[in-house]
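Morning, everyone. Have a look at the model first.

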Amino acid sequence: MASRRFFVGGNWKMNGTKESLGELMETLNGAELHDDTEVVCAAPSIYLDFARSSLDPRIGVAAQNCYKVAKGAFTGEISPAMIKDCGADWVILGHSERRHVFGESDELIGQKVAHALENDLGVIACIGEKLEEREAGTTEEVVYAQTQVIADNVTDWGKVVLAYEPVWAIGTGKTATPEQAQEVHEKLRAWLRANISDDVADSVRIIYGGSVTGSNCRELASQEDVDGFLVGGASLKPEFVDIINARA
């Protein structure tokens, strides 16, 4: 646990204005943030430049999505090259909203992962089961299959953070208990050990997402295999600082 640097991502989703995000970034810039925690904010693509120029350099910037090729006739899409050109170093791929609202397949997500890594972007790769899958007892089957497609496209695990986000806990106010989160994270690490290598299993950060708040973050952060968080709604509020400092 000690050798994996704690990672907290804030996913702003389709929220904010220049004014409100500017105020949020001022708060983050002025806050005392735990030195041993890596912090990345995922801004809407139209605000990537604004976020990178406004945030303190100690805070990374991520895009929330990208496409699988460098350029071309793909109206509305952005490429890893464009993301890097705005000064951002990360991208979120495979978020459940991309999978379930916009119908992205495992195959497409895998292709995006490969292209992002080829362009030296860090990837926050999301996996997670829906409520009916958890209730049917297929959580492991679902997350292993999603992880396999991501793993098939990874060339450098040092550039990848795995985000376990149970779909039933995203934006619902329901949070996986620390024990539920730890159980899945531990099994994912065992899957990496069996299917990739001991080194990857020991070094890859597996972060939790799904209604993380200032009040539940410390107990979640105390779990052996929880290496950080991907935070939605709370990342737009001052309590994001408390979540960043969950291990402080």
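Predicted model: local features only at pLDDT ≥ 70, side-chain atom pairs only at ≥ 80, totals over all residues.

Numbering runs from 1 along each chain as its sequence is written, and side-chain values use heavy atoms, without hydrogens or water.

Pockets, then. A pocket is an open set of points on a 1 Å grid over the protein atoms alone, where a 1.4 Å probe fits, with protein on both sides within 12 Å along at least five of seven lines; lining residues have an atom within 4 Å of a point. Volume is the space filled by probe spheres set on the points, which are joined across faces, edges and corners.

The largest pocket holds about 510 Å³. Its lining has 18 residues, with M14, Q64, N65, R98 and F102 nearest the centre. That lining splits into 8 nonpolar, 6 polar and 4 charged residues.

The second largest pocket has about 210 Å³. Here 19 residues form the lining, and G171, S211, V212, G232 and G233 are closest to the centre. By class, there are 5 nonpolar, 10 polar and 4 charged.

Last, one residue. What does L192 touch, beyond its neighbours within four places in sequence? L192 is in contact (heavy atoms within 4.5 Å) with W157, L162, S197, V200, A201, V204 and I206.

Key. Nonpolar A, V, L, I, M, F, W, Y, C, P; charged D, E, K, R; others polar.
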